[in-house]
Structures are given as C-alpha cells and as structure tokens.
Amino acid sequence: MDIEQLREYCLSLPKATEDMAFGEECLLLRVCGKIFACIHLVRTD
C-alpha cells in the first residue's frame, strides 16, 4: 500500500478530513476533529 492508497482509504471513513496543520511534510487525517493518522511526506528524488 502506498501513501495515496492509505490516504484514500482513510478519507473513505465517515466524517474523515485531512489537513497539514504541522507544515507541508506531515499529512494529518482526522475523524470528528481528532487525529487518527499522521503521514510523514518525504520527497525521494
């Protein structure tokens, strides 16, 4: 499972949202405003 598949699955959950409150390197996924996943985004060039 890659990051995009994980993101899509998490966003399929009821009331799930995403944001980047800690900067552009950390994707936060929330349900009802509570963080349930934090995905560290790292570029591999």
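This report describes the confidence, the sheet, the helix and the core of one predicted protein model.

## Basis and confidence

The model is predicted, and local features need pLDDT of at least 70, side-chain atom pairs count only at pLDDT 80 or more, and totals for chains, interfaces and linings use all residues. Residues are numbered from 1 along each chain as its sequence is written, and side-chain values use heavy atoms, with hydrogens and water left out.

The predictor's confidence in each residue, called pLDDT, runs from 0 to 100; its mean over the protein is 93, and 98% of the residues reach 70 or more. Helices (H or I, at least four residues) and strands (E, at least two) are DSSP runs, numbered from the N terminus. Confidence is lowest in helix α1 (residues 3–11), with a mean of 94, and highest in strand β1 (residues 16–19), with 97.

## The sheet

Three strands form an open sheet in the order β1-β2-β3, with antiparallel pairing, where two strands count as paired if DSSP finds at least two bridges between them. Because β1 and β3 stand at the edges and each has a single partner strand, one side of each is left without a neighbour in the sheet. On average, neighbouring strands of this sheet are turned by 25° against each other, direction ignored, the axes being lines fitted to C-alpha atoms, for helices over the stretch in contact, with angles from 0 to 180 degrees between N-to-C directions.

Between β1 and β2 there are 4 bridges, and Ala-16 has Val-31 in β2 as its bridge partner. These two strands form a hairpin with 6 residues between them, and Gly-23 in the turn has a positive phi of about 115°. Between β2 and strand β3 (residues 34–40) there are 6 bridges; Leu-27 is partnered by Ile-39 in β3, and Val-31 by Lys-34. The hairpin of β2 and β3 has 2 residues between the strands, and there Cys-32 takes a positive phi near 55°.

## The core

Strand β2 (residues 26–31) is mostly covered, since 5 of its 6 residues are buried, meaning under 20% relative accessible area with a 1.4 Å probe and protein chains only. The largest nonpolar core has 5 residues, namely Cys-10, Leu-27, Leu-29, Ala-37 and Ile-39, and β2 and β3 each supply at least two residues of this core. Such a core is a set of buried Ala, Val, Leu, Ile, Met, Phe, Trp, Tyr and Cys residues joined through side-chain atoms within 4.5 Å.

Not counting residues up to four places away in sequence, Ile-39 touches Ile-3, Leu-6, Glu-25, Cys-26, Leu-27 and Leu-29, where contact means heavy atoms within 4.5 Å.

Technical notes
Buried < 20%, exposed > 50% of the residue type's maximum accessible area, 1.4 Å probe, protein only.
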